[in-house]
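Please look over the sequence and the model before reading on.

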Amino acid sequence: MTTIRSFMTDDHRRCDDFFAEAEQAIGKNNIAAARAAFGHFQSSVLAHFECEEKTLFPTFEAKTGMSMGPTQVMRMEHQQMRALLDDARNAIESGDTDEYLGLAETLLIMMQQHNMKEENILYPMCDQHLSAELPAVLERLEMELRDE
């Protein structure tokens, strides 16, 4: 049976693949391809954040009563990454590859740290506390991510 951890981790990897495509295109100085790949990356990451904030986190908080714990930290990090995404998007749109590369490096470090916390702490907690709701929660997450 699929778990929240495996499903959401797979989505992290899908987002990572788009990010890598943008990096490779920048490396080849193919700005048009980089813009397209970064656009896919940004929309995928924002959809991921939204399904966590709209479905996963509130469900976890309702079940556990923990609203100021790990989910609050993840929301704050999402806000920081949204700002970096916007800045990186602006840099790539204006063709400023040096600015983009600096922002992308910061974003990569943040994403790696963030994803580790979710994959090794929060998602296993969700699987543990939401075992009874697991099929319904997974169905909603899958539907929300498919719509992006």
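## Cysteines

A disulfide is taken here as a pair of cysteine sulfur atoms within 2.5 Å. By this rule the count comes to 0 disulfides. C51 is in no disulfide, and the nearest cysteine sulfur, that of C15, is 9.3 Å away. For C126, the closest cysteine sulfur is that of C51, at 11 Å, which is too far for a bond.

Burial is judged by relative accessible area: under 20% is buried, over 50% exposed, and in between partly exposed (1.4 Å probe, protein chains only). C51 counts as buried, at 1% relative accessibility. C126 is buried as well, with a relative accessible area of 0%.

## Basis of the values

The model is predicted, so local features need pLDDT of at least 70 and side-chain atom pairs count only at pLDDT 80 or more, while totals for chains, interfaces and linings use all residues. Residues are numbered from 1 along each chain as its sequence is written, and side-chain values use heavy atoms, with hydrogens and water left out.

## Terms for helix packing

Two packed helices are described by the angle between their axes and the distance between the axes. The axes are lines fitted to C-alpha atoms, for helices over the stretch in contact, and the angles run from 0 to 180 degrees between N-to-C directions. Helices (H or I, at least four residues) and strands (E, at least two) are DSSP runs, numbered from the N terminus.

Angles under 35 degrees count as roughly parallel, over 145 as roughly antiparallel, 65 to 115 as roughly perpendicular, and the rest as oblique. A crossing is left-handed if the near helix is turned anticlockwise from the far one by less than a right angle, and right-handed if clockwise. Contact means heavy atoms within 4.5 Å.

From α2, the residues A47, H48, C51, K54, T55, L56 and T59 meet V137, R140, L141, E144 and L145 of α5. The contact of α2 with α5 divides into 6 nonpolar, 3 polar and 3 charged residues.

## Helix α2 against α4

Helix α4 (residues 97-129) packs with α2 at an angle of about 30°, the axes being 12 Å apart. These helices are therefore roughly parallel to each other, and the crossing of α2 and α4 is left-handed. The α2 side of the contact consists of I31, F38, F41, H48, E52, L56, F57, F60, K63 and T64. On the α4 side are T97, Y100, L107, M111, E118, L122, Y123, M125, C126 and H129. In this contact 13 residues are nonpolar, 4 polar and 3 charged.

L122 is found in helix α4 and counts as buried, at 1% relative accessibility. Leaving aside neighbours within four places in sequence, L122 is in contact with F57, F60, P70, T71, M74 and K117. L122 and M8 are 114 residues apart in sequence and 11 Å apart in space, C-alpha to C-alpha.

E119 lies in helix α4 and, at 7% relative accessibility, counts as buried. Not counting residues up to four places away in sequence, E119 touches R5, T9, H12, R13 and P124. From C-alpha to C-alpha, E119 and A25 are 28 Å apart, with a sequence separation of 94 residues.

F18 is in helix α1. Apart from residues up to four places away in sequence, F18 touches A37, H40, F41 and S44. F18 and A36 are 18 residues apart in sequence and 9.4 Å apart in space, C-alpha to C-alpha.

N29 is placed in the loop between α1 (4-27) and α2. Most residues other than glycine have a negative phi. N29 has a positive phi of about 60° although it is not a glycine. At 58% relative accessibility, N29 counts as exposed.

Definitions and conventions
Nonpolar A, V, L, I, M, F, W, Y, C, P; charged D, E, K, R; others polar.
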